[in-house]
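Reader: I am new to this structure. Please show it, and then take me through some of its parts.

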Amino acid sequence: MATRKLTDGFVEGFEADGRDQTIWDETLARFGLRITPAGRKLYVLQYRAKPAPGVPSTSRKVTIGEHDGALWNVTKARAAARKVLGAVDVGGDPVAERQATAEAHERDKAAAADAKAKAAADAEARELDRFEAVADRYVARALTKKRSGAEAARLLRQGPVAAWGSRHVAAIRRVDVADLLDAIAQRSPATARLTYAALRGLFGWCIERELLNVSPCDHVKAPPRPAARDRVLSDGELAVIWQGADALGFPFGPVIKLLILTGQREGEVAGMAWSELDLDAATWTIPKERTKNAREHVVDLAPEAMAVIGAVPRDGDLLFPARRASARKHVRATGETDLKPVVGFAAAKRLLDGDVRPKTKVPLPTYDLAHWRLHDLRRTAASGIAGMPGGRFPPHVVERVLNHASGVTGGLVGVYQRHEYRPERKAALEAWGAHVAAVVDGLKPDSNVRRFRG
């Protein structure tokens with residue numbers, strides 16, 4: 001083992017001969033210069049760590065630095081070696097300590113990475129468990145194939161999602177449900193009851209997926225069933241509403257007229273498609289996918305209804321497509337050729353009631369009617385057909401006209417009695433259409449119309 005006093009001159013003048021060799025310093029034991037086959041000159045230190053009793057000692061070799069004459073030279077390297085050896089001489093093990101420090105640093109880095117990943121996962125979970133996100137998943141996975149799914153989804157968006165959208169689903173409490181239902185009931189008791197049913201379904205789904213342990217709907221009483229309405233419009237009111245529909249214009253004007261003439265539901269009329277119409281036979285076949293009782297329904301169209309339909313511009317399959325910018329954006333995004341059915345009945349009704357002035361700034365003729373709803377038109381048609389002179393159209397015919405599966409055509413009768421009464425239904429709707437035309441032509445105010453400005 002070669003030894004000599006290391007100096008900067010010696011180190012700089014030493015020529016490598018392609019071997020790996022070490023020259024130890026005579027001035028400081030355990031400190032030396034290693035020359036690699038490639039000619040690199042490295043200051044090294046070798047020591048034997050003092051082990052615990054009964055444990056073999058371990059030889060350590062440490063590279064202090066590479067000679068460059070500036071950052072590392074003999075003097076600096078020897079001083080660094082003395083510092084390390086001083087720790088060794090008092091029982092330390094700098095190499096093991098450095099390794100332990102590095103390992104601790106790696107553990108800390110790993111722990112920090114794990115914590116960061118957990119925080120990200122928790123944040124993602126919180127985002128996924130926001131009420132709005134949960135409601136979207138529920139609608140997509142549980143309601144899409146249900147006939148009532150679209151209505152339940154609408155109720156959830158308009159009420160609960162609007163109120164609690166950004167809150168964690170587990171943070172929704174019983175008092176939140178009760179307060180929301182109370183607020184909705186002030187506007188519409190029926191909507192509050194339907195919203196309660198939609199919420200029960202959603203929270204039950206959450207329990208199945210362990211998003212919740214207890215439903216916040218538990219021990220919240222369902223809003224009471226609203227009293228059945230019995231509002232039937234008089235002939236004078238019906239005539240005024242017809243004139244209001246004229247003033248309202250397309251698309252809600254024709255929709256309201258067809259509600260009057262056919263007695264069908266708002267959604268069914270709004271979604272009327274040219275492909276559902278047989279103009280030669282004057283019939284409208286509503287597919288079972290669009291009826292409340294999932295049963296295909298053929299509606300005979302009176303001449304007055306045919307006249308309304310004949311005035312509708314043909315643009316795609318739907319007679320009354322949505323015209324809002326959002327609907328047009330949907331068409332551009334999806335490439336679909338037809339828009340969705342028209343929406344906005346509430347806004348149209350506010351125009352009719354004079355709560356909102358039309359562009360003409362003149363109230364529509366209906367603004368003085370006693371309180372009424374669009375669904376009253378269906379009840380009025382049913383009552384009007386049943387009340388035709390001579391009792392020509394008994395209740396079972398009226399129920400078939402309305403596509404009802406209740407009353408005299410429900411229960412066992414509905415199961416075994418499959419006669420459709422087509423001739424009677426056709427006669428009923430033609431008689432009703434003629435009656436509506438007569439009252440519109442002879443428009444006169446009555447006691448339910450406080451004032452009329454023609």
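Predicted model: local features only at pLDDT ≥ 70, side-chain atom pairs only at ≥ 80, totals over all residues.

Reader: Does Glu210 count as buried or exposed?

Author: Glu210 lies in the loop between H7 and H8; helices (H or I, at least four residues) and strands (E, at least two) are DSSP runs, numbered from the N terminus. Glu210 has a positive phi of about 60°, although it is not a glycine. Its relative accessibility is 71%, so Glu210 counts as exposed.

Reader: What is the order of strands in the open sheet of five strands?

Author: Two strands pair if DSSP finds at least two bridges between them. On that basis S1 and strand S2 (residues 21–25) are joined by three bridges and run parallel, and Thr3 stands opposite Trp24 in S2. The edge strands, each pairing on one side only, are S1 (2–4) and S5 (58–66). The pairing in the open sheet is mixed, and the order is S1-S2-S3-S4-S5.

Reader: At about what angle does helix H2 run to S4?

Author: Axes are lines fitted to C-alpha atoms, for helices over the stretch in contact, and angles run from 0 to 180 degrees between N-to-C directions. Contact means heavy atoms within 4.5 Å. Helix H2 (residues 74–89) lies across S2, S3 (31–35), S4 (41–49) and S5, and its angle to S4 is about 15°.

Reader: How is H5 oriented to H7?

Author: Angles under 35 degrees count as roughly parallel, over 145 as roughly antiparallel, 65 to 115 as roughly perpendicular and the rest as oblique. Helix H5 (residues 149–164) and helix H7 (residues 189–208) pack with axes 9 Å apart, at an angle of about 85°. That makes H5, relative to H7, roughly perpendicular.

Reader: And how is H9 oriented to H17?

Author: Helix H9 (residues 252–262) and helix H17 (residues 422–441) have axes that come within 8 Å and cross at roughly 125°. That angle makes H9, relative to H17, oblique.

Reader: Which residues of H17 make the contact with H9?

Author: By class, this contact has five nonpolar, two polar and no charged residues. Here Ala, Val, Leu, Ile, Met, Phe, Trp, Tyr, Cys and Pro count as nonpolar, Asp, Glu, Lys and Arg as charged, and the others, Gly among them, as polar. H9 contributes Ile260, Leu261 and Thr262, and H17 contributes Leu429, Trp432, Gly433 and Val436.

Reader: How many residues apart in sequence are the parts that Asp20 and Arg34 tie together?

Author: A salt bridge is a side-chain nitrogen of Lys or Arg within 4 Å of a carboxyl oxygen of Asp or Glu, and the structure holds 20 of them. In the one between Asp20 and Arg34, the closest N and O atoms are 2.7 Å apart. Asp20 lies in the loop between helix H1 (8–13) and S2, and Arg34 lies in strand S3, so the parts they tie together are apart in sequence by 14 residues.

Note on methods
Residues numbered from 1 in each chain as written. Heavy atoms only, no water. Buried < 20%, exposed > 50% of the residue type's maximum accessible area, 1.4 Å probe, protein only.
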